[in-house]
Amino acid sequence: MSHEVTPPENKPSKLRAKRVTRYLLVLFAAAFLLLLVSFLMQQRNHQVLVKLNDSITSAQEDLKTANGQLQLKLGNLEDQVTVLEGQVEAAQREMEAVEWLRQLETALRSSHVSAKELLEQFQDSGLVEALPDSSPVEGAPSPQESYEALCRILG
């Protein structure tokens, strides 16, 4: 009898080997699926970060443009402030010159001597050129004309 009989131990070891192989295949498949899911999540995160970076870049450009426009407006407003400050200073000088003229007219009513002294002080102050040459009241002489008339009177 030349039949070889396989020992009963051999069948369970083959069965065990098949089970281990299946188990390893399942583990490798699970690991591959986890790697695939991880890769897909990483790609999705990368796309989200790229979109976020693009929106940040766009927002930065918008802010730079707005900043440039505000800087131009600021420059224009600073120029306007300078012009207005000059106008205020000129108006203050004009007001001071008109006040001198009023005091001259008042002094002329009381004394020619004190009016003449006040006229010299007024001329020395340098405010004579600040007198307006138009009158705010229609038909009335301008402050410049009143000054010239006072100069002719005081001589």
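This report describes the fold, the surface and the aromatic cluster of a predicted model.

## Overall architecture

The protein contains three helices and zero strands, arranged along the sequence as α-α-α. Helix α1 covers residues 10-110 and helix α2 residues 112-125, while helix α3 covers residues 143-154.

The C-alpha trace spans about 165 × 25 × 20 Å along its principal axes. The radius of gyration is 51 Å, whereas a compact globule of 155 residues would have a value near 15 Å.

## Burial, contacts and charge

Of the 155 residues, 14% are buried. The accessible surface amounts to about 13,100 Å², with 59% of it belonging to carbon and sulfur atoms. Among contacts between residues at least 6 apart in sequence, 57% join residues at least 24 apart.

The protein carries 15 positive and 21 negative charges, and the mean positions of the two sets lie 39 Å apart.

## Aromatic cluster

Two aromatic pairs are present. The ring centres of W100 and F122 are 5.6 Å apart and their planes meet at 25 degrees, so this pair is stacked. W100 belongs to helix α1 and F122 to helix α2, and the pair links parts of the chain 22 residues apart. Both W100 and F122 are buried, F122 with a relative accessible area of 0%.

F122 also pairs with Y147: their ring centres are 5.6 Å apart with planes at 75 degrees, so the arrangement is edge-to-face. Because F122 lies in helix α2 and Y147 in helix α3, this pair ties together parts 25 residues apart in sequence. Y147 counts as buried at 8% relative accessibility. Through these ring pairs, W100, F122 and Y147 form a cluster.

Terms used. Residues are numbered from 1 along each chain as its sequence is written. This is a predicted model: local features need pLDDT of at least 70, side-chain atom pairs count only at pLDDT 80 or more; totals for chains, interfaces and linings use all residues. Side-chain values use heavy atoms; hydrogens and water are left out. Helices (H or I, at least four residues) and strands (E, at least two) are DSSP runs, numbered from the N terminus. The radius of gyration is taken over C-alpha atoms; the globule rule is 2.2 Å times the number of residues to the power 0.38. Buried means under 20% relative accessible area, exposed over 50%, partly exposed in between (1.4 Å probe, protein chains only). Contact means heavy atoms within 4.5 Å. Accessible areas come from the Shrake-Rupley method with a 1.4 Å probe; for residues, only the protein chains shown count as cover. Lys and Arg count as positive and Asp and Glu as negative; His and the chain ends are not counted. The place of a charge is taken as NZ of Lys, CZ of Arg, CG of Asp or CD of Glu. Rings of Phe, Tyr and Trp (its six-membered ring) pair if their centres lie within 6.5 Å; planes under 30 degrees apart count as stacked, over 60 as edge-to-face and the rest as tilted.
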